[in-house]
Amino acid sequence: MNQIPVLIPAILLFTSFAAFFGGMIRLRWGYAATLLGVAASFLVSMAGVAHVIANGEIRYHLGGWAPPVGIEWVLDPLSAFMVAIVTTIGLLVVVYLPRSARFEIPGKEAFAYPSVALLLAGLTGMCLTGDVFNLYVFLEIAALAAYALLAVGDRRAPVAVFRYLVFGAVGGGFYLLGVGFLYFSAGTLNMADLAERLPELYQSRAVIAAAVLMVTGLGLKMALFPMHLWLPDVYNFAPSASAGLIAPIMTKVSAYAIIRLFLDVFHPVFLIEILPVTAFIGWLAAGGILFGSVMAMAQTDLRRMLAYSSVGQISYIALGIGLANPFGLIGGLLHMLNHALMKGVLFLIGGAIRLRTGLVEVPEFAGLGRKMPWTMASFTIAALAMVGIPPTAGFFSKYYLLLGSVDAGNWIFFAIIIVSSLLSAVYFFRVIEMIYREPEEGVISEPAVAAVPAGAMAGGGGHGDSLPPGLGGGPRHDDRRSGGARPPEEGGEAPGTMLLPILVLAVLILLVGIFNVLIVDRLLEPVVAPLSG
Amino acid sequence: METLLDLRPLFAILVSAVAAVAIAFTGRNPNLRETWSVLAAVTKFALVASLLPGVLAGERYEVDLVQLAPGIELGLRVDPAGLLFALSASFLWILTCFYSIGYMRGLDEGKQTRFYAMLASCLSATIGLCFSANVLTFVIFYEILSVATYPLVTHAGSEKAYRIGRQYLVYAITAGIALVAGTALIHQTAGTLDFQAGGFLDAGAGTGVLWTIFLLFMLGFGVKAGVMPLHSWLPNAMIAPTPVSALLHAVAVVKAGVFGFVRLVGFIFGPELLGDMGAAALLAAFAAATILIASCIALTKDDLKARLAYSTVGHLSYIVLGVALLVPHALLGAALHMVTHAAMKITLFFCAGAIYVHTGKKKVSELDGIGRQMPFTLAAFGVGAVGLAGVPLIGGFVSKWYLAAGSVDAGGLFFLGVLLLSGLLNAAYLVPIVTRAFFRTSEGHPAFNEASLFMVVPIGITAALSILLGIHPDGLFRFFSVAEAMVAGITGTTFAGGAP
Amino acid sequence: MTVDLFIGRYPYYLVALLLIIGLYGITRKRNMLKKVIGMTIFQTSIYLFFIQGATKIGGTIPIFDPERGLDPAQYLNPLPQVMILTAIVVGVAITGVALSLLLLIYREYGSLDEDTVLRKMREDP
């Protein structure tokens, strides 16, 4: 039991290797290894949640070396919560992945599986490590895997991902620099150790510099407004499954790292009073919420709309950090889970629509409600949750944030939460209205053909399911011009392996909403306890 | 007062939600689909009615389901105020079910499965908010109701319907968010959200906060209750099929807003605190203005449903005015008007729908002589029309009588004047429809040709109900006693007189 | 005092200078390959920051030397060096991915100039 914290990333790292070598031999083996490994990590993380609730936290010392010499792994309520989010989304996306990848990135699936496992290993590692430098390593592992997964999108994707990579490298560099300052002033890298030693050093300029650098670096990685510039293009041009995996969890784990620094490395007092970082984050978040919502309203491409909405939604989490009181932070943390579910299902639905119709533009969505009833019902639930209609999950995180703003007496944040709900209602109901419209004659089929360039018809058709995964040769030039996507497949409802994760997520959105107090009580209340004293 | 754990309120809510799912899955078989509707409606009404004796005996049925937020349960509680609304809504749903069959089949409407499923969902939400034990639960059902009505408003599927749907959503979502914000404020100022007869907020919270809460809730409920200037979605929403206009936009949805005011005044703030704040006077002023302006606009409308819609706007504000006057008689009048107006207005809408289905006529000016063709329908229309104007022996008289008595109690002869003047206006815009239907003649109305029995029978029943409420208000489902019990809970006053 | 502030800490200033040069390359250069060079300089400055922080005058490599005994002051701090070893690996991997992305971009658009590429992206999505 006490190896759980290290077991989860270890399983996933091993899975990544197994998936790579398995996939070299036969695509199916690579997939089987990924599915098994991710499912195992999911089960272990659920066991971890149960264990934390029942028996409290687990601290594991890697190789038997006690900190500060060795690296410590910590499974406490906060990391258990995060890891559960990451592995749940991970498992569902892995179920969804093969069908979607075969359609959108034919010939490259063999690389996608190990990258997914590596991404999850990096993210779970970030959550579970108790060492600030180790966190950096996992941060970059996750980032590297993400670059690979995102860059295989359409032909514009490499440009967008290059920008993301440069932003990410700078963010990682700032964080590492901050780690250096911390180490040279406190002499340790272990989080618990740092928490003990730092209070004497709060006036030290090196520690202040460390805090600023680390938060800035992570802010870049989490796309905190106005450091979000890399995000919309990346999510827009990425394959649907990649976006569905990365948009829900990647930025959130960076946000998690900020919360971890805030609560467990620097004492809250430091970041609230001595160096008012949280207040600063809060105001950036307020700007980000408005900016993201307004930009999302202006988009017609569904994926781009979702990407801008992500900028706004990640800012809700940052707003929770900015409020820095128990209700506010509970709202922020709960929104991590809620937004992971909502944005995950929305991107996955985007992929399903693309598979069946080739459409990405919202104004062409008429008639989808009849064509794909289950998928669109899930879309409606997720969209209502994004707007914050009760009893979906999205309502409750906003409600806690409202309570937090009242507690903080911050009426501007209060007003911004209200206004942004209205704005998101505008852009999500626009989509809902469209999908439940009756299509005019011929509208459904024409743009479907037009949306896929002719090159895809010629190039994409060459890759049959039975062909080897193309490890050696790589895709032809023709494919890449169109992102390698095939023409849309005929048929109504999304295929089973894609529909299942979508439905599970939609049901989870409802369940998490109604039973949110179970999570808040058992996992989140202990996390925010340091703030109430 | 005794509090009992009871699952009946929960079942009453769930039965139509389950029916909605069943309807969605049996869309291919219209008869089976409609059977679910009717079954759910009857079951729901039976469940609600079975709570009546206990509530009148002073029992309060309660059930807490799950925690929604720390310390706040998804709680249901049956009290007289909620029961009053639930009884009228669930009873009228049964009639609407039959009426819808006649109407939707008569017009051969599309998307009927969605129509019945969403209608059932709306009723779930309505009963849910009747039985909500705290503000958060109430707001949740209120928002579900808002969203579930949207597909019904855009049912026609035309560009115009979508435009109106968007307008409806902007109003409804704004209102919902105002309520959520207000709820969060109450949560943090009072520490509790449980409705309590007589109110649970106290002046210690500070005038600024209390006014903010009041205005947020006034915005939130004012939209659904059609208080001017927040009313303009309601006449537009008449683009929905007539059963929706009849049940939702004359009874369930709009009364949810009015019922919200009852909760706000009687169970959150309490009459005393509102009186001290002076907030009730503001609400009363808005309501009085709405009554008069809406009646005047109704006079100018030639479209029958639009005329009825403005009449609804006016009559909803009667109830709001009764609540805002804060005196026992006015509250009693308001409570009764919730029921009597429901019965009369649904009659009028049913008639309008029957005329449209049967003859395709929508405008008042086209109705000359139609009384000879559809005598039963138009007779029922007449009952509703004179009832709304406040003629004795019909339900509207009773409720208006108490409202008038209440305005005298409150010392406001001004409000008494408003009531009387609007009674005249009511007569002016409704009664001529009946007279021209019976006493004028025109080409093209065959001798006798009534609408389908699916429609005529429900119309007859609602008309009879309107009369019954006027003769013996306590006779059916003991509405009068329930209303009395509600007022007694809020103000601590009991009435010696009983029914007139 | 002032002299000490500059001369006594010159490694810091060199590191800071490198860092700024790197950031300048990343933000101001329009050629993507030059951005990668800037990124590498930026990362190198961080490595140097760690290395100089671990340096002690008169210290030697942290491997036990019988002549110097167990006195920690005689050895350099090994931990930052180990960390930087890891960070270099990470940095190389990032640079590798960056270069492969540039390869893709060049194949697709025939240029690495950011303005040209963005223009082509807009013209032919």
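Because the model is predicted, local features need pLDDT of at least 70 and side-chain atom pairs count only at pLDDT 80 or more, while totals for chains, interfaces and linings use all residues. Residues are numbered from 1 along each chain as its sequence is written, chains are lettered from A and ligands numbered from 1 in the order in which they are written, and side-chain values use heavy atoms, with hydrogens and water left out.

## Contacts between chains

Contact here means heavy atoms within 4.5 Å. Of the 2 pairs of chains in contact, chains A and C share the most contacts. Chain B and chain C are joined by no contact, and their closest C-alpha atoms lie 32 Å apart.

The table sets out the buried area of each interface, that is, the accessible area (1.4 Å probe) that two parts lose on being put together, summed over both.

| Chains | Residues in contact | Buried area | Share on carbon and sulfur atoms |
|---|---|---|---|
| A and B | 33 of chain A, 30 of chain B | about 2,700 Å² | 75% |
| A and C | 32 of chain A, 37 of chain C | about 3,200 Å² | 80% |

**Chains A and C.** A salt bridge is a side-chain nitrogen of Lys or Arg within 4 Å of a carboxyl oxygen of Asp or Glu. Between chain A and chain C the count is 1 salt bridge, and 2 residue pairs are in polar contact, both residues being at pLDDT 80 or more. A polar contact is a pair of N or O atoms within 3.5 Å; within protein, one must be able to donate a hydrogen and the other to accept it, and residues adjacent in sequence count only if both atoms are side-chain atoms.

Which elements of chain A each supply at least two residues of the side that touches chain C? They are H5, H6 and helix H21 (477-481). Helices (H or I, at least four residues) are DSSP runs, numbered from the N terminus. H6(A) gives the most to this side, with 18 residues. By class, the side of chain A that touches chain C has 23 nonpolar, 3 polar and 6 charged residues. In this classification Ala, Val, Leu, Ile, Met, Phe, Trp, Tyr, Cys and Pro count as nonpolar, Asp, Glu, Lys and Arg as charged, and the others, Gly among them, as polar.

**Chains A and B.** Across this interface there are 2 salt bridges. The side chains of Arg437(A) and Glu159(B) meet in a salt bridge, at 3.2 Å from N to O. Helices H16 (373-387), H17 (393-408), H18 (411-435) and H23 (516-532) of chain A give two or more residues to the side that touches chain B. That side divides into 24 nonpolar, 2 polar and 7 charged residues.

## Helix packing

Helix H5 (residues 132-151) and helix H6 (residues 157-186) of chain A have axes that come within 10 Å and cross at roughly 180°. Axes are lines fitted to C-alpha atoms, for helices over the stretch in contact, and angles run from 0 to 180 degrees between N-to-C directions. H5(A) and H6(A) are therefore roughly antiparallel to each other, a term for angles over 145 degrees. Among the residues that make the contact are Phe133(A) and Tyr147(A) of H5(A), and Tyr164(A) and Gly168(A) of H6(A). The contact has 17 nonpolar, 2 polar and 1 charged residues.

In chain B, helix H17 (residues 395-409) and helix H18 (residues 413-439) pack at an angle of about 155°, with their axes 8 Å apart. These helices, H17(B) and H18(B), are therefore also roughly antiparallel to each other. Leu403(B) and Ser407(B) are among the H17(B) residues in this contact, and Phe415(B) and Asn426(B) among those of H18(B).

## Local features of chain A

Asp233(A) forms a salt bridge with Arg163(A), the closest N and O atoms being 3.8 Å apart. This pair links helix H9 (residues 231-237), which holds Asp233(A), to helix H6, which holds Arg163(A), 70 residues apart.

The loop between helix H8 (205-221) and H9 contains Pro226(A), and the peptide bond from Phe225(A) to Pro226(A) is cis, with omega near 0°. Ala223(A) is found in the loop between H8 and H9 and has a positive phi of about 60° although it is not a glycine. The peptide bond from Pro390(A) to Pro391(A) is cis as well, with omega near 0°, and Pro391(A) lies in the loop between H16 and H17.

Notes
Parallel < 35°, antiparallel > 145°, perpendicular 65-115°, else oblique.
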